[in-house]
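Please keep the model open in your viewer and follow the selections in the order given below.

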Amino acid sequence: MASATLMPFWRDQRHGDRGRFADGNRPSALTTTVPREYVHRTAVSEVFLTNWRRGAADSWIVSAQWPRAHSFYGPVGGLHDPLLLIETMRQAGILLSHVAHRVPLDHPIIWQRVRYDLTPQALHAADEPAEVELHITDHDVIRRGKRLISARQHFRIRCDGADLATASLDYSCHSPAVYRRLRGKYSDLTLANARRLPLPEPVTPQLVGRDRERDVVLSPTNRPDRWQLRVDTSHPVLFDHPVDHAPGMLMIEAARQAAQAATPGPTLPTAMECDFERYAELDAPCWVQARAADEPLTAVADAGRQIEVAVEQHGKPVIAARITSVPTP
């Protein structure tokens with residue numbers, strides 16, 4: 001059984017559980033985050049996972065904790081940010097690629113599709129950090145020899161004991177050599193960042209459900225339904241560490257902000273499906289466009305709306321997203 005639980009530092013190796021602190025107090029257990037390297041994060045403060053253990057065949061249970069407040073994925077209207085759910089899924093997928101499938105730490109993990117469908121009431125932010133549990137099952141696992149090539153993960157997610165969401169994540173793994181071949185000249189991290197575009201002006205933060213200009217990832221154009229992607233590589237959360245392309249969480253945030261800008265009044269994205277077609281490079285503009293979905297909503301009737309968001313670069317699709325939103329309670 002693999003576990004992220006570490007040997008407590010107070011444990012006395014000679015006397016087992018009788019080891020204790022100098023003042024005589026000894027907790028029954030200690031909780032910590034998983035190593036930041038297992039979730040490809042630089043800042044320890046951005047690691048949300050706390051433990052993992054094996055479940056039934058081809059399944060795992062990953063524990064996480066969401067803070068009461070966060071500099072970017074903070075609660076709104078008393079509800080946790082749904083994109084905190086996707087970031088937690090991202091971390092869990094990377095963690096299991098390493099601890100369950102033995103993918104080396106220096107192998108890039110690339111998304112193909114991410115999806116979630118959640119219950120808004122379970123996002124309620126309490127007076128303590130939220131305890132989150134992800135039940136994860138592997139599907140469609142493809143290997144080349146012993147090396148993992150790709151997989152689909154299905155999630156059942158609970159928050160503070162309540163059913164929160166079902167979700168799925170499709171990803172692939174590449175060795176550094178394969179990644180360099182795929183990326184060509186863009187695999188040079190220094191060169192890719194040296195060629196990045198100047199940062200354009202943001203739209204009004206309130207238009208996209210944000211409080212600060214720094215957290216806005218859309219820039220206005222001459223059309224109300226089309227924006228330029230703002231790629232601020234100095235953002236401490238979206239760019240936790242240097243990368244050679246616009247990261248997936250930035251693209252998802254752009255889709256969320258575009259859907260909000262296209263919908264009157266504050267909304268909560270209760271469902272999202274996002275397909276990743278190609279990398280978004282830093283040296284050319286990306287264009288984000290939103291439109292109402294053609295078919296009417298049935299599940300949320302008058303309470304919700306579906307928005308389709310497309311991001312393109314050089315006239316080619318980068319991501320395609322569909323977001324279902326309801327008015328913020």
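Begin with the second largest pocket, which has a volume of about 510 Å³. Select Gly74, Val76, Gly209, Arg210 and Arg256, the closest to its centre of the 27 residues that line this pocket. A pocket is an open set of points on a 1 Å grid over the protein atoms alone where a 1.4 Å probe fits, with protein on both sides within 12 Å along at least five of seven lines, and lining residues have an atom within 4 Å of a point. This is a predicted model, in which local features need pLDDT of at least 70 and side-chain atom pairs pLDDT 80 or more, while totals for chains, interfaces and linings use all residues. Residues are numbered from 1 along each chain as its sequence is written, and side-chain values use heavy atoms, without hydrogens and water.

Next, colour helix 4, strand 9 (267–276) and strand 12 (316–327), each of which supplies at least two residues of the lining of the second largest pocket; helices (H or I, at least four residues) and strands (E, at least two) are DSSP runs, numbered from the N terminus.

Move on to the largest pocket, where about 1200 Å³ of space lies. Of its 44 lining residues, Pro108, Ile109, Ile110, Val243 and His245 are the closest to the centre.

Finally, select arginine 102, in the loop between helix 1 and strand 3, where phi is positive, near 60°.

Methods: Points joined across faces, edges and corners; volume = space filled by probe spheres on them.
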